[in-house]
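Hi everyone, thanks for making time this morning.

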Amino acid sequence: MKSPVHRCRDVEHGRGQGRTGSGTSCLQAEQRIPISKDVITSSAASAMWFIRDVCGIVCAAITWLLVLYADFVVLFVMLLPSKNLTYSIVNGTLFNILAFLALASHIRAMCTDPGAVPKGNATKEYIESLQLKPGQVVYKCPKCCSIKPDRAHHCSVCKRCVRKMDHHCPWVNNCVGESNQKYFVLFTMYIALVSLHSLLMVIFHFLYCFEDDWTKCSSFSPPATVILLILLCFEGLLFLVFTSVMFGTQVHSICTDETGIERLKGETGRWGKVPCWEAMQTAFGGPLSPSWCSPFAGLSCKEGPPEHVPVHQGPIIEEDVIEIPLS
Ligand SMILES: [Zn+2]
Ligand SMILES: [Zn+2]
């Protein structure tokens, strides 16, 4: 059960959106029992989850190009011309495994339904099908006309309400929510590791080239080698800092059972918080195991409902705050 603060917040929100229904404005606080997020679940359908947002698609493509650029410099500027075969094989394998896991996590974060609530399900028929208790209150999102589960927020890019939405990330062209947070955490972790690895290799390569003849330490000309290495150094440093901070923030969010939006809006402490370890197990899909680090394990690529097929037939109700009648 939520605190009165939250009830007021949602009731005020309903008023602000021009609620036309009668009877809800004079509800007693004790009667308003928010619907549990477990009651409303995302419907499965055959369409693949992908957000058609130009900015997001461009950012996601840039992410891939930057990883491919790093791979090119690591392989063709540093490792292949190297005389030390063991050094090249070990570092080449490690770098490519990390880069592959980073890109796989990126695809999973992008193509997984973050926990979207079915669009347009705010119908009388659907609310009746929930079989709620008299006096219970549900909230409608006025933007996507869905019945909002607890802790769901509307994303203006995805045009959907997303359960436990943390933020919308253009770099993965998707919202980070309840169902894809693991993949986003893995993406930030592998990008941080791949950046650190490439930075260390650049430092070793510079040291090696300063000691040796510059013309022999790369198959490219010395000026081209320096430019390519400096660009990689800059990219690695930038992404190491950015993704490390993001990784830390995400793990902190999971541990404290508090999303980025909830922290921003000051909506903290109005739900029964799950202990840190339990929250981690929920987010990563089970008890601690190597599958926590695998973008292929756990959650399968979830599919969202088709855009134009109404989830529940019937006219959309007008009220933003709906109370189940007592009788
Ligand atoms: Zn919405
Ligand atoms: Zn979004």
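Predicted model: local features only at pLDDT ≥ 70, side-chain atom pairs only at ≥ 80, totals over all residues.

Let me begin with a term: two strands count as paired if DSSP finds at least two bridges between them. Residues are numbered from 1 along each chain as its sequence is written, while chains are lettered from A and ligands numbered from 1 in the order in which they are written.

Now the overall picture. The protein has eight helices and ten strands. Of its 327 residues, 38% count as buried, and buried here is a matter of counting: 20 or more other C-beta atoms within 10 Å of the residue's own, against 12 or fewer for exposed and partly exposed in between, with C-beta atoms placed from the backbone. Contacts are counted too: two residues touch if their C-beta atoms, placed from the backbone, lie within 7 Å. Among contacts with a separation of 6 or more, 78% come from residues 24 or more positions apart.

Let's start with a hairpin. How many bridges join strand 5 to strand 6? Four of them do, linking residues 152-155 to residues 160-163, and the two strands run antiparallel. Ala152 has Arg163 as its bridge partner in strand 6, and His153 has Val162. Four residues sit between the strands, and in this hairpin Lys159 takes a positive phi near 55°.

Side chains in a regular strand alternate between the two faces of the sheet. In strand 6, both faces are covered: Arg160 and Val162 are buried on one side, Cys161 and Arg163 on the other.

Follow the chain onward and you reach Lys164, in the loop between strand 6 and strand 7 (167-169). Lys164 is not a glycine, yet its phi is positive, near 45°. Is Lys164 buried or exposed? Lys164 is buried, with 26 other C-beta atoms within 10 Å. The next loop, between strand 7 and strand 8, holds Asn173. Asn173 also has a positive phi, of about 45°, although it is not a glycine, and it is buried, with 26 other C-beta atoms within 10 Å.

On to the helices. The UniProt annotation "transmembrane region", from an unreviewed entry, covers residues 54-79, 85-104, 183-208 and 220-242. UniProt positions are given in the numbering used here, feature names are shortened, and annotations may be inferred rather than shown by experiment. In the model, residues 183-208 are 100% helix and 0% strand, with end C-alpha atoms 37 Å apart. Residues 220-242 are 91% helix and 0% strand, and their end C-alpha atoms are 30 Å apart.

Helix 3, residues 85-111, has 27 residues and reaches 38 Å from its first C-alpha to its last, close to the expected 39 Å. That expected span is 1.5 Å times one less than the number of residues. Its buried residues include Asn91, Phe95, Leu98 and His106, and their cover includes helix 2 (54-79), strand 8 (174-176) and helix 5 (181-211).

How do helix 2 and helix 3 pack? The angle is about 175° and the axes are 11 Å apart; axes are lines fitted to C-alpha atoms, for helices over the stretch in contact, and angles run from 0 to 180 degrees between N-to-C directions. The two are therefore roughly antiparallel, the word for angles over 145 degrees, with under 35 roughly parallel, 65 to 115 roughly perpendicular and the rest oblique.

Helix 5 contains Tyr183, which is buried, with 26 other C-beta atoms within 10 Å. Leaving aside neighbours within four places in sequence, Tyr183 is in contact with Ser105, Arg108, Ala109, Thr112 and Pro295.

Last, helix 6, residues 222-255, has 34 residues and reaches 48 Å from first C-alpha to last, close to the 50 Å expected. Among its buried residues are Thr225, Leu229 and Phe239. The cover there includes helix 2, helix 5, helix 7 (260-265) and helix 8 (276-284). Just after helix 6, Asp257 takes a positive phi of about 50°.
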